Amino acid sequence: MITVFTKDGKSYTKEGTGREFVWDFEEQVRRIRPVTPGLAISEAQFAELIDTCRHLDTIDAAAEKLIRLTIPS
């Protein structure tokens, strides 16, 4: 059970199974896409960042690439 208390004094309580927070990488991508316009990096750079994360196990020097992709060009 989780309860959220708002600044205006209201509270909202919901009970769940925990499965509400279990999803795969593609679902994470779908959920995070709407933030793209507010990012400091371009849409193309964000797409490359997502693709890099999708294939981390096949990328040499993945950490360096991920860092580079988070710096605005």
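# Reading a predicted fold

Author: Let's begin with confidence: in this predicted model, strand 1 (residues 2–5) has the lowest, at a mean of 94, while helix 2 (residues 43–54) has the highest, at 96. The score here is pLDDT, the predictor's confidence in each residue on a scale from 0 to 100.

Reader: What does the protein average in pLDDT?

Author: Where pLDDT is low, the predicted coordinates should not be read in detail. In this case the average is 94, and 100% of the residues score at least 70. A word on the ground rules: residues are numbered from 1 along each chain as its sequence is written, and side-chain values use heavy atoms, with hydrogens and water left out. Because the model is predicted, local features need pLDDT of at least 70 and side-chain atom pairs count only at pLDDT 80 or more, whereas totals for chains, interfaces and linings use all residues.

Reader: Thanks! How many helices and strands are in the protein?

Author: Helices (H or I, at least four residues) and strands (E, at least two) are DSSP runs, numbered from the N terminus. The protein has three helices and two strands, and they follow the order β-β-α-α-α from the N terminus on.

Reader: What radius of gyration does the protein have?

Author: This radius is taken over C-alpha atoms, and the globule rule is 2.2 Å times the number of residues to the power 0.38. The protein comes out at 17 Å, whereas a compact globule of 73 residues would be near 11 Å. Along the principal axes, its C-alpha atoms fill a box of roughly 45 × 25 × 20 Å. Glu64 belongs to helix 3 and counts as exposed, at 53% relative accessibility.

Reader: How do I read that word, and which share of the residues is buried?

Author: Buried means under 20% relative accessible area, exposed over 50%, and partly exposed in between (1.4 Å probe, protein chains only). Buried residues account for 14% of the 73 in the protein.

Reader: Is Gln45 buried or exposed?

Author: Gln45, in helix 2, is buried because its relative accessible area is 8%. Contact means heavy atoms within 4.5 Å. Setting aside residues up to four places away in sequence, Gln45 touches Arg68, Leu69, Thr70, Ile71, Pro72 and Ser73.

Reader: Where is Ile71 found, and which residues is it in contact with?

Author: Look in the segment after helix 3 for Ile71. Beyond its neighbours within four places in sequence, Ile71 is in contact with Ile41 and Gln45. Ile71 and Gln45 are 26 residues apart in sequence, and their C-alpha atoms lie 9.2 Å apart in space. Ile71 counts as partly exposed because its relative accessibility is 48%.

Reader: What is the phi of Ala61?

Author: Most residues other than glycine have a negative phi. Ala61 has a positive phi of about 55°, although it is not a glycine. You can find Ala61 in the loop between helix 2 and helix 3 (62–69), where it is partly exposed at 49% relative accessibility.

Reader: Last one: how many positive and negative side chains does the protein have?

Author: Lys and Arg count as positive and Asp and Glu as negative, while His and the chain ends are not counted. Each charge is placed at NZ of Lys, CZ of Arg, CG of Asp or CD of Glu. The protein has 10 positive and 12 negative side chains, with the centres of the two sets 7 Å apart.
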